[in-house]
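Please keep the sequence and the 3D view open while reading.

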Amino acid sequence: MQGPTLRDVANAAGVHTATASRALNPNARALVNPETARRVLRAAESLGYRPNPIARSLKTAKSGTVGLVIPDLTNPLFPPIVRGIEDVLAPAGYSTLIVNTDDRPDREQAQITSLRSRRAEGLIIATALLEHPLLGQLQEQRVPMVLVNRRTEGLDIGSVAANDATGIGLAVRHLVDLGHRRIIHLAGPQHTSTGVERLRAFRTAMREYDLDDTARIMVCDRWTEDAGAQTLRTALDSGDDFTAVVAGNDLIALGCYDVFAERDITCPTDISVIGFNGMPFLDKLRPPLTTIAIPHQDIGREAARMLLESIAEPDRTPRSVLLPPTLVVRGSTAPPRP
């Protein structure tokens, strides 16, 4: 069965076929009115149109590829973000080269060097350390790039992420409304922007409710289930008295479940726990995990659109977009034991 054609896209967008062709070609898109180009791209996306990258590369000497740099491919957070990215890039004629860095700067450097040697026309980067000199080097070299689910300070780089402050505020408010006053935060690594921003937001939220947070912050060294479990063990062994946990992400929250099983702790009767990110299958846990869900695919789509803009207009001022998260209440949170 033949898929949608360029003429179908043009008809759906209400433009001439030549206009649609230019709008779908990153190297000719500047010749089209920006609003018209966006209309054509949305029409192509909705129809599932796929340009022929081989034919285009022969005409333009461009690779038609974008590099996607992921810190951990085993993290369930990233597949729906990748799906959103590809939903936008494919109709625009781009294929995605995905690389995994294991959250190691040396491996990230090597992978990005490889992507550039393959003539990737831009990068979507899901790793952003607080100290990240590689990003500065790429910016100096005018490499089109967008940060996804991360932000960085001191560099003018486009980024798309969920609003961490809003999300943590929703989590703390939910627990306070249930009656919790002794709340601990298992924070993410403090060498990452996300870990720092969510910890800062937790402190702010606790102050808003006049709750003392000075002894109720524990930092995980990684965004993993094992790190979450080890950090919760440390918190319990310290004798700190708490009734609820705000985890830095869902994987850290899963580590809490492991410790609950080890120590015969009943969730949420003894301790409530809330995660962050809204990973798939959290509703299958026992109890199902309450979490702050982020719009994964929307983050991916917006990052892809921003990268296409950057490729087409290299001098365009980068934007920073924060998308709203939502609270998903499930069985892992309840009022504290009287």
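In sorting residues by class, Ala, Val, Leu, Ile, Met, Phe, Trp, Tyr, Cys and Pro count as nonpolar, Asp, Glu, Lys and Arg as charged, and the others, Gly among them, as polar. The model is predicted, with local features needing pLDDT of at least 70, side-chain atom pairs counting only at pLDDT 80 or more, and totals for chains, interfaces and linings using all residues. Residue numbers start from 1 along each chain as its sequence is written, and side-chain values use heavy atoms, without hydrogens and water.

A pocket is an open set of points, on a 1 Å grid over the protein atoms alone, where a 1.4 Å probe fits, with protein on both sides within 12 Å along at least five of seven lines; lining residues have an atom within 4 Å of a point. Volume is the space filled by probe spheres set on the points, which are joined across faces, edges and corners.

The largest pocket holds about 430 Å³ of space. Its lining has 20 residues, with Asp156, Ser310, Pro314, Arg316 and Pro318 nearest the centre. Helix 7 (133-140), strand 4 (145-148) and helix 12 (296-312) each give two or more residues to this lining; helices (H or I, at least four residues) and strands (E, at least two) are DSSP runs numbered from the N terminus. Helix 12 has the largest share, three residues. By class, the lining has nine nonpolar, four polar and seven charged residues.

The second largest pocket has a volume of about 350 Å³. Among its 19 lining residues, Arg29, Ala37, Arg38, Leu41 and Glu309 are the closest to the centre. Helix 12 and helix 3 (34-47) each supply at least two residues here, and helix 3 gives the most, six. This lining of the second largest pocket comprises nine nonpolar, no polar and ten charged residues.
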